Every structure is written in C-alpha cells, then in structure tokens.
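I opened this entry to record what I looked up in one model, from the whole chain down to single residues. I keep the notes in the order in which I checked things.

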Amino acid sequence: EACEIIDEVTVQGVLHRNTAAKRKDRMFRAVLRGSVKKGLIKRPDDPFTPAYKAIGYTLPECNLMREPKPWQLPGWKSPWMLKREWEKWRKVSGRK
C-alpha cells in the first residue's frame with residue numbers, strides 16, 4: 001500500500017519520480033535490514049540484489065493518470081471573473 005501511495009503522489013506531481021524511487025528503495029532497504037536483524041531472512045549473497053527482490057516483494061504496476069488542473073475543467077472561472085460578475089449583478093439589482 002505504501003508503494004501505491006508513493007506512486008499516486010508522484011503521478012499527481014507532488015514528488016519527482018527520482019525522489020519517489022529513492023524513497024521506495026530506502027523503505028525496502030529498511031525492511032530488509034529489520035528482517036535480517038530479527039533473523040527472519042538471511043542477507044543476500046549478492047550485495048547488488050535489489051532489496052525488494054531480496055525480501056520477496058513484487059512491485060505493483062501503476063495505472064493512474066494525472067488529474068486535470070481546475071482551470072482545465074469546463075465551467076471554471078477565475079476569482080476576477082467571479083468578482084466582475086458579482087459587481088455586474090450588484091449594479092443591475094440595485095444593491096450596494
């Protein structure tokens with residue numbers, strides 16, 4: 001679930017993809033270190049084996065798409081357009 005959340009945040013543009021990859025790798029290495037320390041698994045013979053493979057995890061595939069920005073949606077109005085419409089309505093309705 002943590003990998004999926006990191007992927008979702010990356011797709012939305014909050015995290016850069018390289019930063020997300022580093023965070024995932026750091027998370028997997030922490031799980032590997034903790035598992036070795038507790039004696040659940042042995043340290044892999046090859047030190048260059050990725051941590052997620054050493055702990056037996058398969059990475060989930062990310063099929064998310066970026067959500068559009070508010071101004072790319074139909075019906076969006078800027079604050080200045082709303083203010084202009086409100087002033088026009090106020091003038092026509094006779095309110096101060």
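**Model and conventions.** I note that this is a predicted model, in which local features need pLDDT of at least 70 and side-chain atom pairs count only at pLDDT 80 or more, while totals for chains, interfaces and linings use all residues. Residues are numbered from 1 along each chain as its sequence is written, and side-chain values use heavy atoms, with hydrogens and water left out.

**Whole chain.** I began with the secondary structure, where the protein chain has four helices and zero strands, in the order α-α-α-α along the sequence. Helices here are DSSP runs of H or I with at least four residues, strands are runs of E with at least two, and both are numbered from the N terminus.

I then looked up the overall dimensions: the C-alpha trace spans about 80 × 25 × 20 Å along its principal axes. The radius of gyration of the protein chain is 25 Å, whereas a compact globule of 96 residues would have one near 12 Å. That radius is taken over C-alpha atoms, and the globule rule is 2.2 Å times the number of residues to the power 0.38.

For burial, I found that 12% of the 96 residues count as buried, where buried means under 20% relative accessible area, exposed means over 50%, and partly exposed lies in between, with a 1.4 Å probe and protein chains only. The protein chain exposes about 8600 Å², of which carbon and sulfur atoms supply 56%; accessible areas come from the Shrake-Rupley method with a 1.4 Å probe, and for residues only the protein chains shown count as cover.

Among contacts between residues at least 6 apart in sequence, 45% join residues at least 24 apart, contact meaning heavy atoms within 4.5 Å.

I also looked up the charges, and the protein chain has 22 positive and 11 negative side chains, with the centres of the two sets 11 Å apart. Lys and Arg count as positive and Asp and Glu as negative, without His and the chain ends, and each charge is placed at NZ of Lys, CZ of Arg, CG of Asp or CD of Glu.

**Aromatic rings.** How many aromatic pairs does the structure hold? I found three, on the rule that rings of Phe, Tyr and Trp (its six-membered ring) pair if their centres lie within 6.5 Å, with planes under 30 degrees apart counted as stacked, over 60 as edge-to-face and the rest as tilted. The rings of Phe28 and Tyr57 are a tilted pair, because their centres are 5.4 Å apart and their planes stand at 45°. Phe28 lies in helix H2 (residues 17–38) and Tyr57 in the loop between helix H3 (51–54) and helix H4 (79–93), so this pair ties together parts that are 29 residues apart in sequence. Phe28 is buried at a relative accessible area of 8%, whereas Tyr57 is partly exposed at 31%.

I noted next that Trp71 and Trp76 form an edge-to-face aromatic pair, at 6.4 Å centre to centre and 70° between the planes. Trp71 is exposed, with a relative accessible area of 54%, and Trp76 is partly exposed, with 41%. Phe28 and Tyr57 also belong to one aromatic cluster with Tyr52.

**Leu32 and Ile55.** Leu32 sits in helix H2 and is buried at 8% relative accessibility. Leaving aside neighbours within four places in sequence, Leu32 is in contact with Ile41, Ala51, Ala54 and Ile55. Ile55 is in the loop between H3 and H4 and is partly exposed at 27% relative accessibility; with the neighbours within four places again left aside, Ile55 is in contact with Phe28, Val31, Leu32 and Ile41.

**Asp7.** Is Asp7 buried or exposed? I found Asp7 buried, with a relative accessible area of 13%, in helix H1 (residues 2–11). Beyond neighbours within four places in sequence, Asp7 is in contact with Lys24, Pro60 and Cys62.

**Gly13.** My last entry is Gly13, which lies in the loop between H1 and H2 and is partly exposed, with a relative accessible area of 43%.
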